[in-house]
Amino acid sequence: MELQIKDFEDYEKTYRYSVEHPEEFWAGIADTFFWRKKWTNVLNWNFKEPNIKWFENGKLNITENCLDRHIYTNGDKPAIIWEPNDPTESARVLSYKQLLEKVEQFANVLKNNGVRKGDRVCIYLPMVPELAIAVLSCARVGAIHSVVFGGFSAQSIADRINDAECSLVITADGNYRGTKVVELKSIVDDALVQCKTINKVIVLTRARIGVSMIKGRDVWWEDEIHKVESQGNPAYPAEEMDAEDPLFVLYTSGSTGKPKGVVHTTAGYMVYTGYTFSNVFQYKSDEVFFCTADIGWITGHSYIVYGPLSQGATSLMFEGIPTWPDAGRLWDVVAKHKVNILYTAPTAIRSLMAAGDQYIDDKDLSTITKLGSVGEPINEEAWHWYNEKVGKGKAPIVDTWWQTENGGILISAIAGITPTKPGYAMLPLPGVQPVLMDENGKILEGNGVSGNLCIKFPWPGMLRTTWGDHERCRLTYFSTYEDMYFTGDGCLRDEEGYYRITGRVDDVLNVSGHRIGTAELENAINMHSDVVESAIVGYPHPVKGQGIYAFVIVEDHQKDLELTRKDINATVVRLIGAIARPDKIQFVRDLPKTRSGKIMRRILRKIVEGDFANVGDTTTLLDPSVVEEIKEGADKMK
Ligand code: WT7
């Protein structure tokens, strides 16, 4: 079977076939990959438990698909192009052959440090090639990686390490971000005070800052590589994995409790990310693909590492930030490396748009042929700017909707093939069967309807469980609607049948494309010794999409509240990380609660949107007068 869809008619035909014969369809796609042993059964599933198994009894290693199989035909092709934070430092290019060598070398390092198949390895690294190497080396030896984004705090790292019972951490001395250096190793040291399962830390040199190294526990990446070299650089044949062996855990926030470890397994994830990468972006053999996400998020896992590499593509990795040394940096990177496909987030587009056209107008973006957007709904203004200024009106924009739990893109245009409309993810990819549900659990048929977005049939890239707590997986995703995967998103299917994602319908915020759980954030704020209670809601933010608005009740209103505000911020940064720092904190005497004590977030949301007129009925509140007080306070916050 051909992997790539040719035209719109082909899409329609393929889509129909994928729904009518899902097993045959996915078997055909899976056949384009390399298997040590073919599967005996394509799909076994129910959404009740849930229990989802793709390509049962198939044996493979994803790194043989991402690396070894390209060596014979394309060994010298760049696999990874790396652009450093500082534009005066040299870029690095790793061909497929070189990347495989490095992965085998580091797989040996992992082995020498006691890592075995099935062990969990925490990775807390900057966006340097060694991050991709570390991820792939784990996959090579069959260890399960748990990458933690560099913006998370020591406490968050400790929670993730303890939940997955990781035995080893891979980190670096420091991480460059614009003019700043983040002291990664020191953050890991703070985390490890709380972790009993870690017995080794491998430390990469990047920022050349002083770090503490503990004898017997901490080793240098470079020293470990030298040891492997002195052993004669032995090859590292890939560990044979079962199709359903876990490949990685990635933590993500939900509406309740602590972040959960989303578990993705080997074969389904590989097939799904490879297929969607190839199709959505219509990747052609010499193109340079630039996804601006961090590998600490699912977008980086799927569309910097696994998807592009399984398809033999050239993937560009950028260490820095789009606004340093100035707001033209991303365009300089595009010009320097002749990027053909750019995949970024609306929040980045809005911030570069706000910086002014002088940063983009004289840049050479002539190589760009396709553009992608991901992470949050894209507003029309940003869409048009992206289309005109970046794509010069010639590059199709694919607005790709998906989630950490999905593994890869579910609803999106196919570049140059599906029509596009600003703000619309457009159509489901082959194999994806979306349905819209009303509040009472009824399927909304036909077009011109809005409801809660569910998926009624499994796709290979979907999560299988949440680490250590299968019941939580069932409750979160498979219990709201019977026999459906519930996404947590609201969605419109317009008169023409095109999908538009309208945003979360649960208590999850999307701040600059990052998922923030309100309950998790409230718990962090409530840890502050002066705080009695808090409530978090999102408000429209011109660059971030959503900003974080915290309503906080403190014990003593006579205190210096400016200082308390700073303390609350510091508490959040310590417990979660800077990405969860509230944009606004309003101190209140009380919160709008029902007589049963439930906080009426709907009212708070209307207040922060400035939509005082539509606050709605407040008579059922325990104390309706608090609403007026909060409105007055909110007015003063503007
Ligand atoms: C949530 C998932 C995997 C993508 C990166 C974020 C929102 C994502 C879009 C889009 C509108 C989008 C949804 C979703 N979202 N892409 N193209 N249009 N909304 O992954 O952190 O798991 O967040 O991001 O609300 O549920 P994530």
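His145 stands opposite Phe248 in strand E14, where helices (H or I, at least four residues) and strands (E, at least two) are DSSP runs numbered from the N terminus. The structure is a predicted model, in which local features need pLDDT of at least 70 and side-chain atom pairs count only at pLDDT 80 or more, whereas totals for chains, interfaces and linings use all residues. Residue numbers start from 1 along each chain as its sequence is written.

Of the seven residues of E14 (residues 246-252), six are buried, so the strand is largely enclosed by the rest of the structure. A residue is buried if 20 or more other C-beta atoms, placed from the backbone, lie within 10 Å of its own, exposed if 12 or fewer do, and partly exposed in between.

Helix H6 (residues 154-164) has buried residues that include Ile157, Ile161 and Ala164, and the buried residues of H6 pack against strand E6 (120-124), E7, helix H7 (184-192), E14 and E15, a contact being a pair of C-beta atoms, placed from the backbone, that lie within 7 Å. After H6 comes Glu165, with a positive phi near 50 degrees. In helix H10 (residues 298-310), 13 of the 13 residues are buried, and just after H10, Gly312 takes a positive phi of about 70 degrees.

| Strand pair | Sense | Bridges |
|---|---|---|
| E21 and E23 | antiparallel | four bridges |

**Helices H3 and H5**

Helix H3 (residues 62-74) and helix H5 (residues 129-141) pack at an angle of about 120 degrees with their axes 8 Å apart, the axes being lines fitted to C-alpha atoms over the stretch in contact and the angles running from 0 to 180 degrees between N-to-C directions. H3 and H5 are therefore oblique to each other, since angles under 35 degrees count as roughly parallel, over 145 as roughly antiparallel, 65 to 115 as roughly perpendicular and the rest as oblique. On the H3 side Ile62, Thr63 and Cys66 meet Leu136, Ala139 and Arg140 of H5.

Pro129 lies in H5 and, with 19 C-beta neighbours inside 10 Å, counts as partly exposed. Leaving aside residues up to four places away in sequence, Pro129 touches Ile80, Trp82, Arg92, Leu94 and Met317. Between Pro129 and Ile144, which are 15 residues apart in sequence, the C-alpha to C-alpha separation is 19 Å.

Key
Pairing = 2+ DSSP bridges. Contact = placed C-beta atoms within 7 Å.
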